Amino acid sequence: MSDPEEDLELEALQRQLDDAFETTRPRIGFEDELWTRMQARRPAGTRLRDAWLGLIQGIREVPAVPMAAVAAVLVVIIGAGIVTFSGVHFGGGSTSATSGLSAGQYAPQASGAFGRLPSPVLAPGLTPKAANGVSQPSTTSPGADYGGPVALTWTGKLVLNFSIAPVFRYQEPSTNTADQFATSLGAILVSRPTGYMGSYETTNFNIRVRGTVQSPAHEPTFTILPITSVGSIDAAGGPADVALVFLAERSLAPTWQYTSEAVVSGDLTKVKLLRQFGVSGYGYAYLVDGTGEPYGLEVDLTSNNRPTEAIGPLPLSLDAASYPIISADQAVRSALASSPPGASSASTPAVALTSAELVYSLVVAGDHSFYEPAILFSGSFTVNGTTYVKRVLVPAVDPSQRTS
Amino acid sequence: MVADRPVFEDLYRAYLGRIYAYVRAQVTSSADAEDITAQVFMNAYQAYARFEARNTTPAAWLFRIARNATLDHFRAHGRRERLRRTIEHQPVADMDPSGVAEERIQYRALLEHVAGLPERQRDAISLRHSGLSFEEVGVLLKCSEDAAKMLYHRACKALKEAVAMEGV
């Protein structure tokens, strides 16, 4: 064999080795699991000391600000630190939970690091599923969609006590990512159906993984269906705990913050783990879909607590960058300006927007997609005896940081 | 200077995948690789206060810990049994469905061949393709940079021959 040929073979082998080492990674969830174990084994004093050093370093990196503001931040952060290290967790009551790290799981970037952002919008023509606001997810019957023009007014109260909020970004996963996810569940690739990154199977269930959907915007998801050989699950606390046991046994329990709700329909109970993003100075904001409804991960249970289907976001790593946000007044003006010009006439229904809250909305943008903050206004009104709900989504990121 | 050291969590997030891949190339099951990787970062976490960035790179420091943990694993679990299985290509006892599926992933067979190489050759390939420079590989294997290059090239040739025999 000639030397050049052997050199080429060696080069090809080295490339294969590069690929082999780059694509060999631990199963999904291992990174956060191990980090949590490591944190749990640290002495409390060490954790407190590190938090204090991190705080001092963080303050050193911040541009000059009034000392009063620094003092206020110190009070808030030290208070949060005490709560954190005492083992107490904030949340929206008994249904709020997280099974992993919240802020720490994101790779932080510099302010505005993602450049100018596309704006989130509600998907036109989609019907909101509930006639009340999103701050209290509800199981009430769906509201009707009203397609005509309305004249908007604002009668609620909106306070935004913060000037920046994080934007989160993920990279569109490859089929390799989907394969690794399925492998971590013990599944084997069967095919790659149109519209899906892969279809996989185990002896107990099939899995389909889908990439980002452009319209209505939806992040990459996994669907487990049908689940045939999983028996009833015993769990104290109700359907949400049953769903979590099922998910945890497969390393699928959310690592993000969520609240849970259960919707009963006949013999079927749909458990929804509604995803939230933490915003400093605000709390947790729901991720909403194209209709303004909170969403996240869903597990269907039969009446005897047997899981039959699960669908949720593919676990992906997120980058985070902070962006300046608009004021409450700007948000209200933008919401009211969403009425088409000349909408007011004698026959135009008057709609009073009565509530508003910070939410997160997915914006699809090619190779990368964003979870962006927005203000969701809502109000209900009645026309000819039918009650409708009107929702207006206003991008929260300052217009100077948006492409449109 | 303490300020020269990255925050440990940054180090952890940046290197977990590479350390796992390095370990996975040495052992026969993903479960063992997870256990050893966990031990690596537990050890690193405890020792991080003593890490000095001016003396070594974070990568070289972590891979030294990983190499030691892997060697400890072999000592504890019996290298002879591992070699026997590698030579005879017998299925490992703890192979579970997820392990079977993993075997189907591209490059798995190639890494098995890496695992079958003599220890120093295996290390040279694993460390080099985990992103270390030849200088760093030499430091870890206690030889010069040039010797590390020679060792690596000999390892590649041995691997190529092993692959050719198996038709991977």
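In the predicted model, 39 residues of chain B are in contact with 33 residues of chain A, and the area buried between the two chains amounts to about 3,400 Å², of which 70% is given by carbon and sulfur atoms. Four salt bridges are found across this interface, including one between Arg27(A) and Glu34(B), in which the closest N and O atoms lie 2.7 Å apart. Nine residue pairs in polar contact are also found across the interface of chain B and chain A. On the side of chain B that touches chain A, the elements giving two or more residues are α1, α2 (30-47), α5 (97-103), α6 (108-115), α7 (119-129) and α9 (145-166) of chain B; of these, α1(B) gives the most, with 11 residues. When the residues on this side of chain B are sorted by class, 22 are nonpolar, eight are polar and nine are charged.

The largest nonpolar core holds 60 residues, and the members that touch the most others are Phe8(B), Phe41(B) and Ile125(B). Helix α1 of chain B, which spans residues 8-24, supplies the largest share of this core, namely 10 residues. Apart from this core lies another, of 37 residues, among which are Val150(A), Phe277(A), Val279(A) and Leu318(A). As for Ile125(B), when residues up to four places away in sequence are not counted, this residue touches Leu17(A) and Phe21(A) of chain A, together with Val114(B), Leu117(B), Tyr152(B), Ala155(B), Cys156(B) and Leu159(B) of chain B.

Helix α8 of chain B, formed by residues 134-141, is mostly covered, with six of its eight residues buried. The buried residues in α8(B) are Phe134(B), Glu136(B), Val137(B), Gly138(B), Leu140(B) and Leu141(B). Just after this helix, Lys142(B) takes a positive phi of about 60°.

In chain A, Thr302(A) is placed in the loop between strands β12 (296-301) and β13 (307-313). Thr302(A) counts as buried because its relative accessibility is 18%, the cut-off for a buried residue being under 20%. When neighbours within four places in sequence are left aside, Thr302(A) is in contact with Asp267(A) and Thr308(A).

Technical notes
Residues numbered from 1 in each chain as written. Chains lettered and ligands numbered in written order. Predicted model: local features only at pLDDT ≥ 70, side-chain atom pairs only at ≥ 80, totals over all residues. Heavy atoms only, no water. Buried < 20%, exposed > 50% of the residue type's maximum accessible area, 1.4 Å probe, protein only. Helix = DSSP H or I, 4+ residues; strand = E, 2+ residues; numbered from the N terminus. Core = buried A, V, L, I, M, F, W, Y, C linked by side-chain atoms within 4.5 Å. Contact = heavy atoms within 4.5 Å. Buried area = accessible area lost by both parts, 1.4 Å probe. Salt bridge = Lys/Arg side-chain N within 4 Å of Asp/Glu carboxyl O. Polar contact = N/O pair within 3.5 Å; in protein donor to acceptor, adjacent residues only side chain to side chain. Nonpolar A, V, L, I, M, F, W, Y, C, P; charged D, E, K, R; others polar.
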